[in-house]
Amino acid sequence: MHADPTAETATPSSTADAVRRRLVRKGRWSVAEIAFWLVAAATLVFLPERHLILNEIAIIGLFALSLDLILGYAGIVSLGHAAFFGFGAYAAGILAKHGLADPLLGLAVASLATALLGFATSFLVLRGTDLTKLMVTLGVALLLGEIANQASWLTGGADGLQGISMGPVLGLFEFDIFGTTAYAYSLAVTFVLFVIARRIVVSPFGLSLRSIRDNPLRARAVGIPVNRRLVAVYTLAAAYAGVAGALLAQTTQFVSLDVLAFHRSADIMLVLVIGGAGYLYGGLLGAIGFKILQDILSAWTPQYWQFWIGLILVVLVLAGRERLTDRVKALWPRSRPSPDGKAQALPVTPAREV
Amino acid sequence: MAAALETRGLMKRFGGLVATDNVTFRLEQGARHALIGPNGAGKTTLINLLTGVLKPTSGQILLQGEDITGLRPERRVQRGLARTFQINQLFPAMTPLETIGLAVSERLGGGRDWWRVTGSRREIVDEIVEIAQRFRLADVLDERTSNLAYGKQRLLEIAVAFACRPRVLLLDEPAAGVPEAERHELLATVAALPRDVSVLLIEHDMDLVFSFADRISVLVNGALFTEGSVEEVSADPRVRAVYLGESVDE
C-alpha cells in the first residue's frame, strides 16, 4: 500500500476512526432538529385554536417531503405529484365510506395502493429529459383527475366524496371538531415517516440516489442499477404522497376533485422551493412558510394574495435560495459560508447535508 | 489461462459507417496494455462496446473467459470491469469521502441497504481509508468535489473506478489536461496500481504510453492495425506513418 506523504502522522486505525465518525455523524440528530420536533409537539398543547391549520400544515409538509425524495435527492422533476396525493385521498375515503373505519388500517391500505400506482408509473419517468418528465407526470395527474370526475359512482364526481365516517384512532381517540385528534394523528404519522426518510437518505441507498442525481452516467459506471433505484424511490415517494392524501381525507372526512387538481402539484413544488429541496426539512419548513404567507397575505389582500406569492416565488428562484441563506448566515461571523462557488450550476438545488 | 478481457470479431456499424471493424484482441492477466490510434480511429466506440454502453453489431466480449456481450453496464462493473473517463465524470456536489464510500458500499452490496447509516460497517470504512491514501486524497476527503484542484479530480476519477475493485481497469486518457505540476503525482499512482488489476490504457500521450505499457495495440479506422511490445511498435515504420508522425506534428 502506498503511504500518503501529505497525511499527518496519524496511524491508519485512527484515520479510519475519523472517517467513520465523519460518515456516521450524518445519521445523528442535531439540537436544532430535536428542537424543531419538540416545538411541533408543544403546539398540540399551546396552540389549541390553531389545530385545524396545523393539521393542514403537517399534511402539506409530508406531501412536500415526498416530492423532496424524488426531486431533491433523485433529481426527478414532477408537475403531477398530486396524482399520488389525490389517489391516496380517494383510496382512504372510499375505504372509509365502505366500512373500513379504522384510520391506521385505512392509511396502510391507501399507501400500499398508491405505492402500486407509483411503481406502475415510475417506468414512464425513467427516460427522457426534464421536460419529458414534467409533461408525463402532468399527463398522469390530468388522466387521474378526469377518471375521478367520470367515475362519479365511485368518487362522487364533482360533488365530492361524501359520507365518510372515521372510527377513533387506535380505537381510543375520536376525531373532534377542533382538529386536535386530527393534528396529533397527522403530526405523529408525519414524524414517523420523516424518521424513516431521514434514515434512508443517509444510507448507502440514499447516497446512491444523490449520485444518480449528480451524474447518472458515472453512477452506472460504478455499478449502480440506476433504473431500479429510481423505480424504488419513485414508488416510495408515491406511497408517502398517498399517506398525505389519505390523512387529508380521513381528518376532513371529505374528498373533492381538488385533491387531483393541477394547482396541488404546482403548490407543492412552490412549498419545496420556499423551504429548499434536498435536506428533508425543506418540505416541512416550506409548508409552514407557505401556510403562514397564505394566511397573512389573504387576510391583508384577499383578492390579490396570489400576486405576492408569485412575486416571492420569482425572487426566490432568481436570487437563488442558496445565496439568500448564505447572506443571512454571513451575518453571523462564526458560520460564514466557505468561499466557494456555491452558485455553481447544477441541475437541481444541491443537497445540503442533513 | 483465460485472458482478463478478450474480444472476438467485434463489429459496430452506425448505418454505413464501420466504427469498429472486426476487432479481435486479448488483454492478458496483469497486463499493462496501451491502445493508441489517431483521432477518429474508434477508441471511444471500442470503450463503449467493452463497457456495455453500446451493443455490438456482431462479435463477442469475454471477461475472465465468460461471455459478457449481453450484460448491462452495471452488471459488467459488478463482474469486475471498471473504467475511468477522459472528461471527468464525478459527483460535483458530493465529497471524495462520499464518492469513494458510495463505490465501496455499492460493491459490498450496500446500495440496497437503506436502513444503516453509510459508514457503519467497518470493512467499508477501512477500504475508504486505504483507497484515499493510495490515491493521495486523504487530505481533501471533506472538500466538495467541484472545489478540488483538477489534478485531485483526476485522481478521484481513478479512485472511484478502483473502488469497484476491478480485475480489468480501462483508463481513458488519465492524464488528460493535468497541469505539469500535478502530473507526477498522478503518474506515480497509476504506475503503483496493483499487478492483479489488468489495465488497458487508452492514451494520446506517448510519454505516458512508453513509461507505463508493456504492450501496445494500434487502432486505425476502427480496425486493429498492429500489436506488439513497446519496442516493436515504436520501431514499426507504418505506425510512425499513421500515428507517431502525426503526434509529432501536433
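1. Two residues are in contact if their C-beta atoms, placed from the backbone, lie within 7 Å. On that basis, residues 24 or more positions apart account for 77% of the contacts in chain A with a separation of 6 or more. The model is a predicted one, in which local features need pLDDT of at least 70 and side-chain atom pairs count only at pLDDT 80 or more, while totals for chains, interfaces and linings use all residues. Residues are numbered from 1 along each chain as its sequence is written, and chains are lettered from A and ligands numbered from 1 in the order in which they are written.

2. Chain A has 15 helices and zero strands; helices (H or I, at least four residues) and strands (E, at least two) are DSSP runs, numbered from the N terminus. Of the 354 residues in chain A, 45% are buried. A residue is buried if 20 or more other C-beta atoms lie within 10 Å of its own, exposed if 12 or fewer, and partly exposed in between, with C-beta atoms placed from the backbone.

3. Between the chains, 42 residues of chain A are in contact with 47 residues of chain B. Helices α1 (12-25), α8 (180-202), α9 (204-214) and α10 (216-221) of chain A each supply at least two residues of the side that touches chain B. That side of chain A has 21 nonpolar, eleven polar and ten charged residues. Here Ala, Val, Leu, Ile, Met, Phe, Trp, Tyr, Cys and Pro count as nonpolar, Asp, Glu, Lys and Arg as charged, and the others, Gly among them, as polar.

4. Within chain A, helix α4 (residues 82-97) packs against helix α11 (residues 226-252) at an angle of about 50°, with the axes 6 Å apart. Axes are lines fitted to C-alpha atoms, for helices over the stretch in contact, and angles run from 0 to 180 degrees between N-to-C directions. The two helices are therefore oblique to each other (under 35 degrees counts as roughly parallel, over 145 as roughly antiparallel, 65 to 115 as roughly perpendicular and the rest as oblique). Residues of α4(A) in this contact include A:Phe84, A:Phe85 and A:Gly93, and those of α11(A) include A:Ala238, A:Val243 and A:Leu248. The contact divides into 14 nonpolar, six polar and no charged residues.

5. In chain B, four strands form an open antiparallel sheet in the order β2-β1-β4-β5; two strands pair if DSSP finds at least two bridges between them. Strands β2 (17-27) and β5 (66-67) stand at the edges, each with a single partner strand, so one side of each is left without a neighbour in the sheet. Helix α1 (residues 43-51) of chain B packs on the sheet, touching β1, β2 and β4, and its direction makes about 60° with that of β2(B). Five bridges join β1 (residues 5-14) to β4 (residues 58-63), and B:Met11 stands opposite B:Ser58.

6. Strand β3 (residues 32-36) of chain B has five of its five residues buried, so it is largely enclosed by the rest of the structure. B:Arg32, B:Ala34 and B:Ile36 lie on one side, and B:His33 and B:Leu35 on the other. β3(B) pairs in the parallel sense with β8 (residues 198-202) over four bridges, where B:Leu35 has B:Ile202 as its bridge partner. Four bridges also join β3(B) to β9 (residues 215-220), again parallel, and here B:Ala34 is the partner of B:Ile216.

7. B:Ala192 is in the loop between α6 (180-191) and β8 of chain B. This residue is exposed, with 11 other C-beta atoms within 10 Å.
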